[in-house]
Number of protein chains: 2
Amino acid sequence: MAQSKKVGQQTFLFSRPLPILSAASVVGKKEGEGPLGGYFDQVVTDPIFGEKSWEKAESKMVQSAIGLALKKANLAYGDLDFMFGGDLLNQIIASNFAARDVPVPFYGLFGACSTFAEALSLAGITLDGGFAARTLVTASSHYQTAERQYRFPTELGVQRKPTAQWTVTGAAAAVIGESGSGAALTCATAGKVVDMGIKDVNDMGSAMAPAAVATIKQHFVDTGRSPDYYDVIATGDLGSVGKALAEDMLAEAGYDLSRNYTDCGVLIFRPDQDVHAGGSGCACSGAVFSGYFYSGLLSGKWRKVLLVSTGALLSPTSYQQGESIPCIAHAVSVEKV
Amino acid sequence: MAQSKKVGQQTFLFSRPLPILSAASVVGKKEGEGPLGGYFDQVVTDPIFGEKSWEKAESKMVQSAIGLALKKANLAYGDLDFMFGGDLLNQIIASNFAARDVPVPFYGLFGACSTFAEALSLAGITLDGGFAARTLVTASSHYQTAERQYRFPTELGVQRKPTAQWTVTGAAAAVIGESGSGAALTCATAGKVVDMGIKDVNDMGSAMAPAAVATIKQHFVDTGRSPDYYDVIATGDLGSVGKALAEDMLAEAGYDLSRNYTDCGVLIFRPDQDVHAGGSGCACSGAVFSGYFYSGLLSGKWRKVLLVSTGALLSPTSYQQGESIPCIAHAVSVEKV
């Protein structure tokens, strides 16, 4: 192909840095009380956010994050060319209903908890390809909407396994531009679906770890980079169990990430917050990136971050039909330029 | 922005025609018995397709369509750079589980029944932007999986309203290339979410018609084209009720589409097939385009087709919470070059 931007099997290098003009994060009370609480733009202490349902509350969080991201960049809807967004809900209603109030062409995504990086990856393609000047990306999740959809009504008080994770309540929004300086998208590695046959829906971290490892390894192979290229390599929501597994698998493959590897699901909660193996959900990597990593890139704390959002692509129906859990991980490089 | 390919508010013109190298359609028995039956590549008479569930059958139809599309173009998985796919199921499991066996970077989409055009639109962006040489797109739906997820178990025998539509059982797959001749993507208009406050889930055509009209009108405004530019303008699945409404709305806006406007949901079934207002589902526009319009473009029956896939972005949860139905329509121009 002419002027290919693809390198290797799954990676593409943008022809210029694509600056993240703003990034905003809205989270719930528990996330606000966690170690990163001070980094989030808005902490909503009411889980229903003044709405009549948790689903409407989640959608309102998306709208709130969009409003904050636009305000921070001093932009209006009319400045946006596209919106890419998704969430965990059936038919991604949190995103669809938020997009109803955003008069911008909308591409709905479903990548489970990989959605934020999936959206950033596609935003980069639209901007670098000359199809947009500014693209909005969003992702959200909500503990209560996820529990009742995927597992049990919380009122049942079902005991949770130690490997279980806690769905992050919140939303993230970011606006990416076509050129400029700041913290910018420079490269993306698109994930393939990986299914190692794991069927335990109470251990998503172990199910997703091989997908994260596959994408990270391919990123190094495709780019010729070593782990040391990055100040931070952060998976989305493997949690403590999946993170340890990913570290082992990467070490076995000859990649030493002991210095710079972390996981958004491990970072967002303290162990004493009763979240078992850590955080999960689309908002996990979305809010941690938008709140924590983005500000650290702007301040100069880090110069190069590889965000690897991880998603488990199952449904209660597939699980009940005895299927294993297909997983995916999308990676984006964000660098201070 | 430099070298913008965007024209007007929502449309982009590709810098060169992007040929659809192959398109394949797999449908169920009822679709095979319809007026377009002879145009589909594969008619699966067993609704469960030899699998243990309808959901697995739908996923197998996606795989089958992919296999056919690759075979027709004499391509292998290794020739593909990306796959874009989606369906109606919760967490798009038909697509995710099909993608598990496709070793190609995967972007999952949710655009309800607009998915096929959404995927074509994004495929065009990746190819024109220099990110891919060949991109696979898929979309699927299944009467039985949709009925039990969205409405009632079919065993209940609930009476259907005259405005109700029949979800098409089937899958479509197409491979788009970066340059060449044939039937090619030339232009796309990305849809915004439109919600006119309609709440009747048994009349999706009326809910979706305003979104279709908005995208069609914007396409004409952005490109400066009149309806006469096209040999065929086909909405995805408005059915007979929504189609009549769209015709009226377009006529009121000064656009005469009486010569060349049709709807895939009207075309795919005969009125005596007991489908009430017509077909619907992601496979409706996907299979009708891949089976019927694509072959007509190749044979020279038509030279210019505007496919406007339409989606209703609701879920049973949003409906039960009293919400109206947000809708979207994505349009792509496919021309013989």
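1. Helices, here runs assigned by DSSP of at least four residues, are numbered from the N terminus. By that numbering, Ala119(B) lies in helix H4 of chain B. The model is predicted, and this note starts from that residue before turning to the chains and their contact.

2. Is Ala119(B) buried or exposed? A residue counts as buried if 20 or more other C-beta atoms lie within 10 Å of its own. Ala119(B) has 34 C-beta neighbours inside 10 Å, so it counts as buried. Leaving aside residues up to four places away in sequence, Ala119(B) touches Phe84(B), Gly85(B), Gly86(B), Leu109(B), Val137(B) and Ala139(B). Phe269(B) is 150 residues from Ala119(B) along the chain, and the C-alpha atoms of the two are separated by 24 Å.

3. H4(B) has 14 residues, which at 1.5 Å a residue should span 20 Å. The end C-alpha atoms of H4(B) are 20 Å apart, which agrees with that expectation. After H4(B) comes Gly130(B), with a positive phi near 85 degrees.

4. How many residues does each chain bring to the contact? Chain A gives 58 residues and chain B gives 58 residues. On the side of chain B that touches chain A, the elements that give two or more residues are helix H2 (54-72), strand E4 (82-87), helix H3 (93-99), strand E5 (106-108), helix H4 (115-128) and helix H10 (316-320) of chain B. H4(B) supplies the largest share of that side, 5 residues. By type, the residues on the side of chain B that touches chain A are 28 nonpolar, 18 polar and 12 charged.

5. The next point is how the two copies are arranged.

6. Chain A contains 10 helices and 14 strands. Its C-alpha atoms fill a box of roughly 55 × 45 × 35 Å, taken along the principal axes. For 337 residues, a compact globule would have a radius of gyration near 20 Å; chain A has 18 Å, which agrees. Of the 337 residues of chain A, 65% count as buried. Among contacts in chain A between residues at least 6 apart in sequence, 80% join residues at least 24 apart.

7. Two residues deserve a look at their backbone angles. Which residue in the loop between strand E4 (82-87) and helix H3 (93-99) of chain A comes up here? It is Ile92(A), whose phi is near 35 degrees, a positive value in a residue other than glycine. Ile92(A) is buried, with 28 other C-beta atoms within 10 Å.

8. Phe49(B) is the other case. Phe49(B) sits in the loop between strand E3 (42-44) and H2 of chain B, and has a positive phi of about 55 degrees although it is not a glycine. The cut-off for burial is 20 or more other C-beta atoms within 10 Å. Phe49(B) has 20 such atoms, and is therefore buried.

Methods
Residues numbered from 1 in each chain as written. Chains lettered and ligands numbered in written order. Predicted model: local features only at pLDDT ≥ 70, side-chain atom pairs only at ≥ 80, totals over all residues. Contact = placed C-beta atoms within 7 Å. Nonpolar A, V, L, I, M, F, W, Y, C, P; charged D, E, K, R; others polar. Rg over C-alpha atoms; globule rule 2.2 N^0.38 Å. Buried ≥ 20, exposed ≤ 12 C-beta atoms within 10 Å, placed from the backbone. Expected span 1.5 Å × (residues − 1).
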